Amino acid sequence: MLRQAALQTGLLGPGMIGLTLGYSIFVVRGYMEFRLLSHECRHVYQYETYGSIAAFLPVYLEQIATVGYLDAPFEQDARANERGDGLT
């Protein structure tokens, strides 16, 4: 059931190339780039802002379940804070 929900909301799927869990960032081999790393680091910042992954995760999952992965406010924030040049 959880897997199906993750697939339906866009949280997981064939296009997923990065995942952050706490301070661990997982990147699919061949996709490491500064833009993706900055996106995932923003999720670490979000965890810290909420105090822990345990506090962050229910809010994040509710956002995804309610509006979908792409429109989730935490994802919009992470995309808005991506850096592509490796210098900022």
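Visitor: Which residues make the nonpolar surface patch?

Guide: In this predicted model, the patch is made by Leu7, Leu12, Met16, Leu19, Leu21, Phe26, Ile53, Leu57 and Leu61, and its area is about 670 Å². Two or more residues come from each of β1 (18-21) and α3. The largest share, 3 residues, is from α3. Met16 sits in the loop between α1 (2-9) and β1.

Visitor: What makes these residues count as surface?

Guide: Patch residues need over 30% relative accessible area. The patch includes Leu7 and Leu61, so residues such as these pass that cut-off.

Visitor: Why are α2 and α3 called roughly perpendicular?

Guide: The axes of α2 (residues 34-50) and α3 (residues 53-67) cross at roughly 110° and come within 7 Å. Angles of 65 to 115 degrees count as roughly perpendicular, and therefore α2 and α3 have that name.

Visitor: Which residues meet there?

Guide: From α2 they are His43, Gln46, Tyr47 and Tyr50; from α3 they are Ile53, Ala55, Phe56, Val59 and Tyr60. By class, this contact has 7 nonpolar, 2 polar and no charged residues.

Visitor: Why do α3 and α4 get the term roughly perpendicular?

Guide: The axes of α3 and α4 (residues 73-80) cross at roughly 100° and come within 8 Å. The range is 65 to 115 degrees, so α3 and α4 are roughly perpendicular to each other. Phe56, Val59, Tyr60, Gln63 and Val67 of α3 make the contact with Pro73, Phe74 and Glu75 of α4. By class, there are 6 nonpolar, 1 polar and 1 charged residues in the contact of α3 with α4.

Methods:
Residues are numbered from 1 along each chain as its sequence is written. This is a predicted model: local features need pLDDT of at least 70, side-chain atom pairs count only at pLDDT 80 or more; totals for chains, interfaces and linings use all residues. Side-chain values use heavy atoms; hydrogens and water are left out. Axes are lines fitted to C-alpha atoms, for helices over the stretch in contact, and angles run from 0 to 180 degrees between N-to-C directions. Helices (H or I, at least four residues) and strands (E, at least two) are DSSP runs, numbered from the N terminus. Angles under 35 degrees count as roughly parallel, over 145 as roughly antiparallel, 65 to 115 as roughly perpendicular and the rest as oblique. Contact means heavy atoms within 4.5 Å. Ala, Val, Leu, Ile, Met, Phe, Trp, Tyr, Cys and Pro count as nonpolar, Asp, Glu, Lys and Arg as charged, and the others, Gly among them, as polar. Patches are made of residues with over 30% relative accessible area and no salt bridge: like charges are joined within 9 Å, nonpolar side chains (Val, Leu, Ile, Met, Phe, Trp, Tyr) within 5 Å. Accessible areas come from the Shrake-Rupley method with a 1.4 Å probe; for residues, only the protein chains shown count as cover. A salt bridge is a side-chain nitrogen of Lys or Arg within 4 Å of a carboxyl oxygen of Asp or Glu.
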